[in-house]
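Student: Could you walk me through this protein model, step by step?
Tutor: Gladly! Here it is.

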Amino acid sequence: MKIAIAQINPVIGDLVGNAQQILTAAQIAVELGAELLLTPELSLCGYPPRDLLLNPSFVEQMSQQLWALAQQLPDKLAVLVGTVSPNPHVEQGGKPLFNSVALLEGGLIRQVFHKRLLPTYDVFDEDRYFQPGRDTNHVLIKGVHVGISICEDLWNDEQFWGRRSYEVDPIGEIAALNVDVIVNLSASPYSLGKPHLRENMLKHTAQRFNQSILYVNQVGGNDDLIFDGNSFAVNPDGEVVTRAKAFDTDLILVDCLPNQRRLLPIEPAIPTPYLHSTDSELWSALVLGIRDYTHKCGFRKIILGLSGGIDSALVAALAATAIGPDNVLGVLMPSPYSSDHSVSDALALARNLGIQTQTIPIQPMMQGFDTALAPMFAGTDFGVAEENLQSRIRGNLLMAIANKFGYLLLSTGNKSEMSVGYCTLYGDMNGGVAAIADVPKTKVYELCRWLNDEAQWQQENAFDVSALSRASLPFSHAPIPSHIITKPPSAELRPDQVDQDSLPPYEVLDDILERLIELHQSIPEIVEAGFDPTTVDRVAHLVKIAEFKRRQAPPGLKITDRAFGTGWRMPIAQQWRPQASDRVGIPV
């Protein structure tokens, strides 16, 4: 039996549009000879639907759309569609809905299967909405015995992880039924390195249970989450038969040989290669996140402030790649403290990217604020309040332009700044989405250097077959001016200011932050690793007191395991200090 995997990019809540994506994939799959089509988890409504699920009318419309889709699908094709279904026994206790997969065939909803393991950690909150299924999911489709699992059902292999997170092991139960193939419909969010981890886990599971596995993942950006796709098929010996594109929609086919429990590739026989570096992977993820946030929220153009610094340079390059340079406006807002090179560097960047610019000097507005505040500020020294006014003036200007013309404002702050509060509320934190809020400052530099090197490589090796594993760039030359990368970072809010006047060197700061935020190390453990005790204590304090700023920040695209977004739930008013050495592990 030929099985097709539809790696689609659903729009959350667009039931009609998502159904059309599935129908289009089904029509193509039939033309290619497929008899079964797989779609991602909750493919009909998009993942994660969150509190849309609390609206009974939303659930009812989804049910109606599922029936309509069943009647529109080609007769010769069976399709597994991710959806939700009501819990008929909710009055006996439990949640009102199941996270489900519906088997559509012959114009009917032939059978419905329910997700058994419901993740409730990090960005996941499925126990808020769903009742866990109890049945071992399997079905006979066109003579092939298929085991059906949904996303988290696969993530409980105690041999791979060294522990079990749930009492139930759905994959083990399915494998005990001697099915011909196991399929997994997933919506697995991206983080750095996760595609390789995910594939290694499934290879282990396939070998452990002597089962072939078909894995289909959602692709696209939904709010702060990015889904990388990378759907694939693996044989019982751990061989990857085929793999879909990363960060793009795709349709791939395999031939299932039920008597042998093996999968055979169908052209192209060679799996799509992984992107060749973590920088290439990260770049592609951020581009996709910006593009989908922009388009799915109804914007056509992007605006951002261009300071001549490295953060805004990276965000401008990402935006130009995501939606095209003609649709990006960079605004220069020099103050009396801005260096000449800040303006010239920003203009050089804009020329390299091909984006439009506007220049609005802010000195007249600074003078207006100084005059208005002079009576109240009399007798005080120039300080942070006056410095932050410059950022807030710039933020107001950007928001005014965004409001006037319907542009999406991208904020350009990085993770290092967001961690310690080196950012201004209602100033540089303004925006609809924080494009690099999960990218540490040292990684920003690394990514800019990679971008310049990669653009140069692609220019010189345009027809090299290895380019298939590289991110697609629209630049014919290095886009980031070298001076932006080499000069000391500065907010330029006072004469001769540099970031290191207020912060440890970013190499030190980012190492401490990773240990605090992602590895959950205590202060004594970080000091024991060789860091200055006073510096560690100060950084930990800054992270804690900056929580009120992060709570008011725009959503930031998540690319690490621990981002300041949906999965970050710290109290603002709290006095705990990370001194204890015995830490509680975070679920995978």
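Tutor: A definition to begin with: a crossover is right-handed if, with the strands pointing away from the viewer, the path from the first strand over the helix to the second runs clockwise. Helices (H or I, at least four residues) and strands (E, at least two) are DSSP runs, numbered from the N terminus. The model is predicted, with local features needing pLDDT of at least 70 and side-chain atom pairs pLDDT 80 or more, while totals for chains, interfaces and linings use all residues. Residues are numbered from 1 along each chain as its sequence is written, and side-chain values use heavy atoms, leaving out hydrogens and water.

Student: Which hand does the β-α-β unit of E8, helix H5 and E9 have?
Tutor: Two strands pair if DSSP finds at least two bridges between them. E8 (residues 181-186) is joined by five bridges to strand E9 (residues 213-217), and the two run parallel. With helix H5 (residues 194-209), they make a β-α-β unit that is right-handed.

Student: Why does leucine 509 count as buried?
Tutor: Leucine 509 is found in helix H14 (residues 506-518). Contact means heavy atoms within 4.5 Å, and leucine 509 touches Ser416, Val420, Leu503, Pro504 and Val539, not counting residues up to four places away in sequence. It counts as buried because its relative accessibility is 0%.

Student: Which strands stand at the edges of the open sheet of seven strands?
Tutor: The order of this sheet is E5-E4-E3-E2-E1-E14-E15, with mixed pairing. Each edge strand has a single partner strand, so one side of each is left without a neighbour in the sheet. The edge strands are E5 (108-114) and E15 (262-265).

Student: In E3, which residue is the bridge partner of leucine 38?
Tutor: Strand E2 (residues 36-38) and strand E3 (residues 78-86) run parallel, joined by three bridges. The bridge partner of leucine 38 in E3 is leucine 80.

Technical notes
Buried means under 20% relative accessible area, exposed over 50%, partly exposed in between (1.4 Å probe, protein chains only).
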